[in-house]
Amino acid sequence: MTAVHPVPRTVPRRVPPVLFAGVVAVGLGVSAWDVRDRTTWLLETVWALVGLPLVVLVWRRFPLTGLLCGLLAVHALVLAVGGHYTYAQVPLGDRVRDTFGLSRNPYDRFGHLMQGFVPAVLVRELLGRTSPLRGSRWLAPLTVCACLAFSACFELLEWAAAEIGGHSADAFLATQGDVWDTQWDMFCALIGAVLSLLLLSRAHDRQLAALEARTAA
């Protein structure tokens, strides 16, 4: 009797990390060309400008999952677009505003949603790999708390920029006349962090397990 061997499942090829790094570098370079406000561009993209070389420097000792690399790359491009146009003047946001009759350009809200969505996976990966929280029921709530704390720190940075720069910091603040802009920004980051954990935790766990298997081999 002929033995029947199971058909191996196709394993998706991993996207090389250097590709993510290249996309981010090109995106930042393009966004720096003919910007509307140079100071705003620097303030908005500083996280990517610092984060990209940092990831490259620590990669051999602390490689990241493909999921996190992809999310960080997307977030960097979101920052680059916002820095190039300023968040209140992104053309795509203007189209959405006009199409749905909104009172403001929503790209700033989207940016703060990403400010919670992407860091949630980053914090989850760091805590899961460097602390006893892997598999703990406390991992998710502490991740959300960390993201909300980061959002609050960013709002304090915006307040400091307003105090130092006065009206010259308006493009960076992107409040668009909303007195509740700070609260909305933090709420969007909170929603982003919660959605990220609900949608990506299982896929993230699988990639963490695969990464551990590769590094242990």
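**Note on the predicted model**

1. The structure holds zero disulfides. C69 is buried, with a relative accessibility of 10%. C188 also counts as buried, at a relative accessible area of 11%. A residue is called buried when its relative accessible area is under 20%, so both values fall in that class.

2. On the overall make-up, the protein has eight helices and zero strands. Written in sequence order, the pattern is α-α-α-α-α-α-α-α. The protein has 217 residues, and 36% of them count as buried.

3. How do helices α1 and α2 lie relative to each other? Helix α1 covers residues 17–31 and helix α2 covers residues 38–58. Their axes come within 11 Å and cross at roughly 155°. Angles over 145 degrees count as roughly antiparallel, and α1 and α2 are therefore roughly antiparallel to each other. The crossing of α1 past α2 is left-handed.

4. Which residues make the contact between these two helices? From α1 they are A21, V24, A25, L28 and S31. From α2 they are W41, T45, A48, L49 and L52. Sorted by class, the contact of α1 with α2 has eight nonpolar residues, two polar residues and no charged residues.

5. The loop between α1 and α2 contains D34. The phi angle of D34 is near 55°, which is a positive value in a residue other than glycine. Is D34 buried or exposed? Its relative accessible area is 64%. The cut-off for exposed is over 50%, so D34 is exposed.

6. A second residue to check is T86, in the loop between α3 (66–85) and α4 (91–100). Phi of T86 is near 75°, again a positive value in a residue other than glycine. T86 has a relative accessibility of 2% and therefore counts as buried.

How values were computed. Residues are numbered from 1 along each chain as its sequence is written. This is a predicted model: local features need pLDDT of at least 70, side-chain atom pairs count only at pLDDT 80 or more; totals for chains, interfaces and linings use all residues. Side-chain values use heavy atoms; hydrogens and water are left out. Axes are lines fitted to C-alpha atoms, for helices over the stretch in contact, and angles run from 0 to 180 degrees between N-to-C directions. Helices (H or I, at least four residues) and strands (E, at least two) are DSSP runs, numbered from the N terminus. Angles under 35 degrees count as roughly parallel, over 145 as roughly antiparallel, 65 to 115 as roughly perpendicular and the rest as oblique. A crossing is left-handed if the near helix is turned anticlockwise from the far one by less than a right angle, and right-handed if clockwise. Contact means heavy atoms within 4.5 Å. Ala, Val, Leu, Ile, Met, Phe, Trp, Tyr, Cys and Pro count as nonpolar, Asp, Glu, Lys and Arg as charged, and the others, Gly among them, as polar. Buried means under 20% relative accessible area, exposed over 50%, partly exposed in between (1.4 Å probe, protein chains only). A disulfide is a pair of cysteine sulfur atoms within 2.5 Å.
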